[in-house]
Amino acid sequence: MKRNIRSDFALCRCLTILALLCLLPAWARAAELHVPAIVEAGQAFSIPVEGSGQATFYLVGPDHVVKRTVSLGSDLRILSSDVRAAGLYQVILCGSSCTSATFEVKAAQPAHLSFFLHPSRVPVSTPDSIDATAFVFDQYFNLVLTPVAVDFRITPASGAGLSRQVSTRHGVAWMRMDSTPHEGRVQVTAVLGKAEEERVIQQVAAEACALRMKAVTNGNMVTLETDPVRDCSGNALPDGTVVSFTKVDREGKSTVDTPIKKGIARVQFSVRGPAQISVACGVVLGNEVALNGKL
Amino acid sequence: MRSMTDLTLVFKKISPRFVKAATFVIAACVLAIAQSSPQTQLPEVHLDAAGLAPRPIEELTGTTIARHYALAWRELAGALESGRAEGLGEEFVGFAKDRLTQRISEQNQAGMHVRIVDHGHHLKAVFYSTDGAAMQLVDEAQLEIQTFDGSKLLDTQNATHEYMVLMTPGADRWYVRDLEEVSAKSF
């Protein structure tokens, strides 16, 4: 008899455990959170929550933390201000136990461009000398990772403008281009929808080209003067660019560096006996002048 | 006068014990701090800059970036756990700093904190501007993230996390300017 009672009790216990095991998934399902996988930044949405009673709701995002008591059985409202920063968000709901889920907030539509143009001054007609880089952000300054086309519009001081479209990769569009043949300001504008960012680069004359000087003697003195110093595209080298005159005579070698003023460089030497004078600007050598016969 | 002499004697008697005890307490504290904050050690950061464009990376720059990124994660983990955002400025600037500071402030208001057990980062450099003013990287981080409300553990996530990182150079270091967690599907 005793054995029967014991076996009945064990059976009851087994059945109770089985019933609890059956009920457990049903309870867990009730606490499950069904969150959208991806949400656009700044878009409000709701999370349906089953069950009844009260629970504590937590939202943990890159720049925002929410904790509030909610009633189960109604939708959880996620405000647009809760999901402005792009990134992964964690939702935790705690009643008798806690359940969690994650969703991703992606950047909204492009709204801002962060635009860099490098360098600020560049010689004319130089290949691959100008770099333009644009970072694309949405209105909340999240990097827009979805590829979009950025239009780089180049407007030189003279001559026709041009445009180049570049697709972003990881939110960045960049391009490299040659400088144009004429000096002056070049405006580069990055355009994406209504977002526009403008930068200016100054193109300056390149190295001097066909550098020439003439000599005028007056007794022991000789005045040397260059022709207007220009680059190969005909752009005048800016005033202040240094031109070097080198004299070699019996006394030895002497060099005078002088800046270009009003487009030309001028210098005076005293010369005794035969002398040879050369002119250079940067890496460019000009003509040579021999005075009083050969050395 | 006698009481003064007694006091000196007592002090002489107890001072070696006191010094020994104090030494033990300090050692215990250091040990406890070291054990309680795994963030004192820098997380492991491996940088892969193969095929970086449009500018290749210099070796020294790569070393500096890896070091400061590791420091940034140590600061970040420390700030999220302690609720103190003061140290973030050492390694973060711009959006990254603003967002983290705001998060820590709101986390404190909610009485929450987050513990990050950092198992290392694999950084892949994807863009380095020609003028050297910005570098973009993708981080594949092995993190265990524990979320607490007070002392109650709410959730633990032990997974690979991917981050899009923008770093810019400062006077003596590279700063984290933007740090956005992304899903692997984003690439």
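## Domains and overall make-up of chain A

Chain A is assigned three stretches: domain 1 (29-106), domain 2 (110-204) and domain 3 (213-291); such bounds come from an automatic or database domain assignment. The C-alpha centres of domain 1 and domain 2 of chain A are 41 Å apart. The model is predicted, and local features need pLDDT of at least 70, side-chain atom pairs count only at pLDDT 80 or more, while totals for chains, interfaces and linings use all residues. Residues are numbered from 1 along each chain as its sequence is written, and chains are lettered from A and ligands numbered from 1 in the order in which they are written.

Chain A has 22 strands and 1 helix. Helices (H or I, at least four residues) and strands (E, at least two) are DSSP runs, numbered from the N terminus. Of its 295 residues, 30% count as buried. A residue is buried if 20 or more other C-beta atoms lie within 10 Å of its own, exposed if 12 or fewer, and partly exposed in between, with C-beta atoms placed from the backbone.

## Sheets of chain A

An open sheet of 5 strands in chain A has the order E1-E7-E6-E3-E4, with mixed pairing. Two strands pair if DSSP finds at least two bridges between them. Strand E1 (38-40) and E4 of chain A are the edge strands, each pairing on one side only. Direction ignored, neighbouring strands of this sheet are turned by 25° against each other on average; the axes are lines fitted to C-alpha atoms, for helices over the stretch in contact, and angles run from 0 to 180 degrees between N-to-C directions. E1(A) and E7(A) run parallel and are joined by 3 bridges, and A:Val39 stands opposite A:Val105 in E7(A).

A second open sheet, of 3 strands, has the order E8-E10-E13 in chain A and antiparallel pairing. Its edge strands are E8 and E13 of chain A, and the twist averages 15° from one strand to the next. E10(A) is joined to E13(A) by 6 bridges; A:Thr133 has A:Trp174 in E13(A) as its bridge partner.

Strand E18 (residues 242-249) and E19 of chain A run antiparallel and are joined by 8 bridges. A hairpin of 2 residues links E18(A) to E19(A), and A:Val242 has A:Pro259 in E19(A) as its bridge partner. Strand E19 (residues 252-259) of chain A is hardly covered, with 0 buried among its 8 residues.

## Helix H3 of chain B

Helix H3 (residues 94-109) of chain B has 16 residues and should span 22 Å at 1.5 Å a residue; its end C-alpha atoms are 23 Å apart, which agrees. The expected span is 1.5 Å times one less than the number of residues. Buried residues of H3(B) include B:Phe95, B:Leu100 and B:Ile104, and also the charged B:Lys97, B:Arg99 and B:Arg103. Their cover includes E4 of chain A, together with helix H2 (59-82), strand E2 (112-128) and strand E5 (174-182) of chain B. Just after H3(B), B:Gly111 takes a positive phi of about 70°.

## The contact between the chains

In chain A, 29 residues are in contact with 26 residues of chain B, where contact means C-beta atoms, placed from the backbone, within 7 Å. Strands of chain A that each supply at least two residues of this side include E3 (54-60), E4 (65-71) and E6 (87-94). E6(A) gives the largest share, 5 residues.

The side of chain A that touches chain B divides into 16 nonpolar, 8 polar and 5 charged residues. Ala, Val, Leu, Ile, Met, Phe, Trp, Tyr, Cys and Pro count as nonpolar, Asp, Glu, Lys and Arg as charged, and the others, Gly among them, as polar.

Definitions and conventions. Two residues are in contact if their C-beta atoms, placed from the backbone, lie within 7 Å.
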